[in-house]
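Subject: Handover of a structure

Dear colleague,

Please find below the structure that I am handing over to you.

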Amino acid sequence: KSGTVANSQYNIGEGFIEDFVPTINLDTILNIEKNINLLKLDVEGSEFDIMEQLTPDHFKKINQLFIEFHNQSTSIKNKLVENGYKVEYRNSNENSNVGFIYAHKI
């Protein structure tokens, strides 16, 4: 669903100005686009929920993914492998709970 689901606050002087940001979800984008060369996900822990919602038809449109993950990534890896991707890991040098997955179609 698209909508205004995120906001930010800027400190200006003694008060804050609230700024609403219109959004669009990944499902909507994947239903519009025919082919996506690279999908990058950096969603601060929501990567598991997003990956769970992707269907085989979505994966047919995506050639490569670069995903920042938090904590255990086995479920993401399994879903990618099941949908025809080769998966490589890259560890974060700064945080042992954060890593990166690079996946590309075989």
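Threonine 55 lies in the loop between α2 and α3; helices (DSSP runs of H or I, at least four residues) and strands (DSSP runs of E, at least two) are numbered from the N terminus. With a relative accessible area of 32%, threonine 55 counts as partly exposed, a class that sits between buried (under 20% relative accessible area) and exposed (over 50%), calculated with a 1.4 Å probe on protein chains only. The C-alpha atoms of threonine 55 and lysine 79 are 9.7 Å apart, although 24 residues separate the two along the chain.

Please note that this is a predicted model, in which local features need pLDDT of at least 70 and side-chain atom pairs count only at pLDDT 80 or more, while totals for chains, interfaces and linings use all residues. Residues are numbered from 1 along each chain as its sequence is written, and side-chain values use heavy atoms, with hydrogens and water left out.

The overall architecture is as follows. The chain has four helices and six strands, and from the N terminus on its elements run β-β-α-β-α-α-β-α-β-β. Of its 106 residues, 27% count as buried. Contact is taken to mean heavy atoms within 4.5 Å. Among contacts between residues at least 6 apart in sequence, 48% join residues at least 24 apart.

Four strands form an open sheet in the order β3-β4-β6-β5, with mixed pairing; two strands pair if DSSP finds at least two bridges between them. Its edge strands, β3 (36-41) and β5 (85-91), each pair on one side only. From one strand to the next, the twist averages 15°. Strand β4 (residues 62-70) pairs with β3 in the parallel sense over five bridges, and leucine 39 stands opposite leucine 65 in β4. Helix α4 (residues 74-82) lies across β4, β5 and β6 (98-105), and runs at about 155° to β5. For such angles, axes are lines fitted to C-alpha atoms, for helices over the stretch in contact, and the angles run from 0 to 180 degrees between N-to-C directions.

Glutamate 47 belongs to helix α2 (residues 47-53). This glutamate 47 is buried yet has no salt bridge, and the nearest side chain of opposite charge, lysine 40, is 11 Å away. In this count Lys and Arg are positive and Asp and Glu negative, whereas His and the chain ends are not counted. Leaving aside residues up to four places away in sequence, glutamate 47 touches Ile67, Glu68, Phe69, His70 and Ile76.

Histidine 58 is found in helix α3 (residues 56-61). Histidine 58 is classed as buried because its relative accessible area is 7%. Its side chain makes a polar contact with the side chain of aspartate 27 (2.9 Å); such a contact is a pair of N or O atoms within 3.5 Å, where within protein one must be able to donate a hydrogen and the other to accept it, and residues adjacent in sequence count only if both atoms are side-chain atoms. Beyond residues up to four places away in sequence, histidine 58 touches Asp27, Leu30, Asn31 and Gln53.

Finally, the structure holds one salt bridge, defined as a side-chain nitrogen of Lys or Arg within 4 Å of a carboxyl oxygen of Asp or Glu. The side chains of lysine 60 and aspartate 57 meet in a salt bridge at 3.5 Å, N to O. Both residues lie in helix α3, three residues apart, about one turn of the helix, and both lysine 60 and aspartate 57 are exposed.

Yours sincerely
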